[in-house]
Amino acid sequence: MAWIPNQLPTAWFANWTSDGTDVTLPIASVPELTAAEADVTTGDIRKIMYAILERCWVKWNSLAIADRSTKMVLTKSSSVEAATGIITTVFTYTFKNTITAQDVADEA
């Protein structure tokens, strides 16, 4: 396939929309996120961020290596603390940027 069709936000999040001012991301497009966690007054930004990062990781990991970006690389690792049963998850998102614009470099 190649990266180009995979760069679209709609390839990563179902029903993503944009009107030039606002973007809309339905909660259902982020499987790890619940309405309660995303609630404006009672939600938890940690859960929102984790859910979005996890969704991006799942999409990235589902792509064939030849279809992944070479200017954006996602990695994830997890470890378990046996005594506490706590899982520590580390997401690393690496972007190769152009110097002049501090913007993600083109794939070409």
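Colleague: Among contacts in the protein chain between residues at least 6 apart in sequence, what share joins residues at least 24 apart?
Modeller: That share is 35%. Contact here means heavy atoms within 4.5 Å.

Colleague: What kind of model is this?
Modeller: A predicted one: local features need pLDDT of at least 70, side-chain atom pairs count only at pLDDT 80 or more, and totals for chains, interfaces and linings use all residues. Numbering starts from 1 along each chain as its sequence is written, and side-chain values use heavy atoms, leaving out hydrogens and water.

Colleague: How many helices and strands in the protein chain?
Modeller: It has 4 helices and 4 strands. These are DSSP runs numbered from the N terminus: helices are H or I with at least four residues, strands are E with at least two.

Colleague: In what order do they run?
Modeller: From the N terminus on, α-α-β-β-α-α-β-β.

Colleague: How do S3 and S4 run, and how many bridges join them?
Modeller: They run antiparallel, with 10 bridges. Strands pair if DSSP finds at least two bridges between them. S3 and S4 form a hairpin with 4 residues between them. Gly-85, in the turn, has a positive phi of about 75°.

Colleague: Which residue in S4 does Val-80 stand opposite?
Modeller: Ile-87.

Colleague: New topic. What volume does the largest pocket have?
Modeller: About 260 Å³. A pocket is an open set of points on a 1 Å grid over the protein atoms alone, where a 1.4 Å probe fits, with protein on both sides within 12 Å along at least five of seven lines. The volume is the space filled by probe spheres set on the points, which are joined across faces, edges and corners.

Colleague: What lines the largest pocket?
Modeller: There are 16 lining residues, each with an atom within 4 Å of a point. Trp-3, Gln-7, Met-72, Phe-95 and Val-104 lie nearest the centre. Helix H2 (9-12), strand S3 (72-81) and strand S4 (86-95) each give two or more residues to the lining.

Colleague: How does the lining split by class?
Modeller: It has 11 nonpolar, 2 polar and 3 charged residues. Ala, Val, Leu, Ile, Met, Phe, Trp, Tyr, Cys and Pro count as nonpolar, Asp, Glu, Lys and Arg as charged, and the others, Gly among them, as polar.

Colleague: Where does Val-40 lie?
Modeller: In the loop between helix H3 (35-38) and helix H4 (45-62).

Colleague: Buried or exposed?
Modeller: Val-40 counts as exposed, because its relative accessibility is 84%. Exposed means over 50% relative accessible area, buried under 20%, partly exposed in between (1.4 Å probe, protein chains only).

Colleague: What percentage of the protein chain counts as buried?
Modeller: 22% of its 108 residues.
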